[in-house]
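Morning, everyone. I have one structure to walk through today, and I'll keep it brisk.

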Amino acid sequence: MPIVNHLINLHNNGNKIKKIYITAINLNFVVNSYKVLDKLIIYMIKDFNNYSKERGLNINLSLTYFSDLNNTKGYSDYDLTLSLLGKKHHKYDMFLYDMNYLKIYAPYLLELENYLPKKCIDLYSSENNNKLTVYNEHRLGLPMFYIFSELFTNKKYYERYNIKIPKTWDELIETSNYVLNNERIKYNNTELVGYNGLFPNNENSVCSLYQILYSYRETKDSPLPEFTSQAGVDALNKLLEIKNKISSYKIFSIDEVYLLEQMYSDNILFVNFYSSLQIDTYITSPLPGKKEGINGSILGGYNIGINKNISEKRQKASIKVMEYFFSKNFQKDIVVKKFHFYSPIVEIYNDKNVCSVIDCKIIKESQFFIRPSSTMKNYNNFSKKVIKNMLNYLEGKKSIEEVLTNIDDINRIYYFTVKSIPGFIMFSLLLILFITVILSTSLLFLQKYCILFRFFSLDLWFMYTMGSVLMILSNVFYFEETTVIKCFFRQILKEFGNALIFIPILYKLLKILSHFRKKFKWIQKYKFRFILSLLSIHILFSILIIIFDTYKVKTINDMNDKNSIVCQYNKIPGIIVFLLQIAYNILLYVIVCILIFQEWNLKIIPMDLKPFTFTMIIDGINHIISSVFYIININNYIVNTIVHIYINFLYIFINHIYIFIIRVLLTKKKFPNENNRSWEDKLVKNVLLSSETSSNVKNTITFFDSDSDASIIIDDLK
């Protein structure tokens, strides 16, 4: 790379001359573009270097050039430029890049609003320019020139048949049919086709789809119609009609090189192509639309950006280059007048001198659409799928409904909703379960069933019920769109509900054991302190989960190309807290299971322990199943949601519906009256018999009066 040296002579005391050599800053300018831009880009480099020498800027531009001819992927091979930006030595300073890849280059580019003069930025602050250069509220480049799609009309046939430039798609079909028929009859010309469509196996297919869809708006101010809307159906039907009547799949899908050959051979009447092509045998005009006055054109071009990782000295030098390239004079005299490209400075199209060189009318009348490459999460994936679907559609392999649905599905987020049949069924089941849980608490107040609910006092039963309610409510957050807040509430309500179910059982079992183990005596005295201390641990975990930002949402894609959002763990501290909260509930579960086993060994109140023993066994199995499905990735959003709701549903059903309803229905014998203690006498006798061989029971038998949460102690029964 050339280095420019400047020699400065300084006089010292009028006698000696001191020579100082100043080395110019050599900036590396990287370009990745079409070959048709070669002349302009090479001229830009030379012109600036001449300007730098004249003004003594001590800045020299060197060119690193990737075009569609010297790499296999063509101008769209942004990986080459990206690799240069990512290298640690940072020897590449400035980049001319396709506006479509702004988002991809964004992390490496300098925020120009902090460096360029405001006057320069304001010159390029139109709505379209902002969309093409601003990302995350930072200006990461300035637009060097526009490239947009337009209609090319063959001059030969235009003049031969004195045809009118079509302004609607129907006019394009009608005019093409007229010319094609006459050419066949008069000149036996069977090579001529009416329109090319421009649907090659690359990004231009996406552009062509967007522009015809945009041309089917109702008014100029209407937004882009939805792919699955009637306008979308009409647009693609018209596209198919054009292909079938005046063209062919072969012509629609040819690449750009073959298309240019056909244009130079006068084999295409109307051509959809870009303003960067300058060909004397064609007239340019805005593309047609559904109706006159409405059209659609894809707007793009090239930005110049600066590598943000280079030294401050090189950044300042790069800014000097930017100021020169983006001056109004350079844009008018070089970009427009000399090379006939369209400048992004809107105001110059009112200049008669400019409009004498290029067609100002076309840029004023064209209605531009900018591809959503900077706003779409994964535009590259979207583009590939659109290309595949459109080629299948044009070849007749897929129906219009299938193609439009497939394209719409690429970015559409599906979620489990009450409006769907599966969602309505699951929501109805949860609602029935919720109502059943609430109403079942009335059994606590019925004299007939009081014996079955003597194990807990009323406050503990309400706590137990509240656990079931929270578990049900946690399932509500599986419906509609998944957000980070919903992820938090799912976790917190589920685990907190779990705790409210386990803690009353744990307390009661420890209270029973306190009659036989003196070290647990304090449980009876400090009931609420004990319960609150256990719950406070869960509250702490819940607060930490929020503070540590445990969750984020992730978009996943299933085998049917339907996107959905799932909760995903985010930061390690939050994940640790999440695991500790689960481990805490598992610990409560294990302790409850151990205590139940001990109570059974003591042969105390087997009638009450039997149902809780059953629920604990099922809970253990349920926790294992739940853990398995948390590990397994189910990409289908419907199956994934139903599985998790069903697991929670089963958990609530066993822990509440079984305890409150099913065991009541399964108990066939008549429930004893509260005033009739004969059942207690039988229990005393049974326990006395077992106590003769038990060293734990000794001389004390305990009965539990749940209404007062007190114990009836019978001493010296032997």
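Let me start with a definition. A residue is buried under 20% relative accessible area, exposed over 50%, and partly exposed in between. Now take Tyr-569. Its relative accessible area is 31%, so Tyr-569 is partly exposed. Keep that scale in mind, and keep in mind that this is a predicted model.

Now the overview. The chain has 718 residues, and 52% of them count as buried. Its secondary structure comes to 26 helices and 18 strands. Look at contacts with a separation of 6 or more. In the chain, 71% of those join residues 24 or more positions apart.

Next, the nonpolar cores. The largest one holds 119 residues. Which of its members touch the most others? They are Met-144, Tyr-195, Ile-304, Phe-325, Phe-382 and Met-390. There is also a second, separate core, with 68 residues. Met-426, Leu-444, Ile-501 and Ile-596 are among its members.

Phe-325 comes up again in a helix pairing. Please find helix H1, residues 38-55, and helix H12, residues 312-325. Their axes come within 11 Å and cross at roughly 110°. The range for roughly perpendicular is 65 to 115 degrees, so H1 is roughly perpendicular to H12. Who makes the contact? From H1, it is Met-44, Asp-47, Phe-48 and Tyr-51. From H12, it is Lys-320, Val-321, Tyr-324 and Phe-325. Sorted by class, that contact has 6 nonpolar residues, 2 charged ones and no polar ones.

On to the aromatics. The structure holds 51 aromatic pairs. I'll show two. Where do they sit? Tyr-507 is in helix H20, residues 484-514, and Phe-530 is in helix H22, residues 527-547. The pair therefore ties together parts that are 23 residues apart in sequence. Both Tyr-507 and Phe-530 are buried.

The other pair brings back Tyr-569, this time with Phe-578. Here the ring centres are 4.7 Å apart and the planes meet at 35°, so this pair is tilted. Is Phe-578 buried or exposed? Its relative accessibility is 5%, so Phe-578 counts as buried.

Phe-453, Phe-455, Phe-456, Trp-461, Tyr-464, Phe-612 and Phe-660 form it together.

Now one lysine. Lys-385 is found in helix H16, residues 379-394. Between Lys-385 and Ile-407 there are 22 positions in sequence, yet the C-alpha to C-alpha distance is 7.3 Å. What does Lys-385 contact, leaving aside neighbours within four places in sequence? The answer is Ile-410, Asn-557 and Asp-561.

Last, two asparagines with positive phi. Asn-136 has a phi near 55°, and it is not a glycine. Asn-136 is in the loop between strand E6 and strand E7. With a relative accessible area of 57%, Asn-136 is exposed. Then Asn-162. Its phi is positive too, at about 50°. Asn-162 lies in the loop between helix H6 and helix H7. Its relative accessibility is 69%, so Asn-162 counts as exposed.

That's the tour. Over to you.

Note on methods. Residues are numbered from 1 along each chain as its sequence is written. This is a predicted model: local features need pLDDT of at least 70, side-chain atom pairs count only at pLDDT 80 or more; totals for chains, interfaces and linings use all residues. Side-chain values use heavy atoms; hydrogens and water are left out. Axes are lines fitted to C-alpha atoms, for helices over the stretch in contact, and angles run from 0 to 180 degrees between N-to-C directions. Helices (H or I, at least four residues) and strands (E, at least two) are DSSP runs, numbered from the N terminus. Angles under 35 degrees count as roughly parallel, over 145 as roughly antiparallel, 65 to 115 as roughly perpendicular and the rest as oblique. Contact means heavy atoms within 4.5 Å. Ala, Val, Leu, Ile, Met, Phe, Trp, Tyr, Cys and Pro count as nonpolar, Asp, Glu, Lys and Arg as charged, and the others, Gly among them, as polar. A nonpolar core is a set of buried Ala, Val, Leu, Ile, Met, Phe, Trp, Tyr and Cys residues joined through side-chain atoms within 4.5 Å. Buried means under 20% relative accessible area, exposed over 50%, partly exposed in between (1.4 Å probe, protein chains only). Rings of Phe, Tyr and Trp (its six-membered ring) pair if their centres lie within 6.5 Å; planes under 30 degrees apart count as stacked, over 60 as edge-to-face and the rest as tilted.
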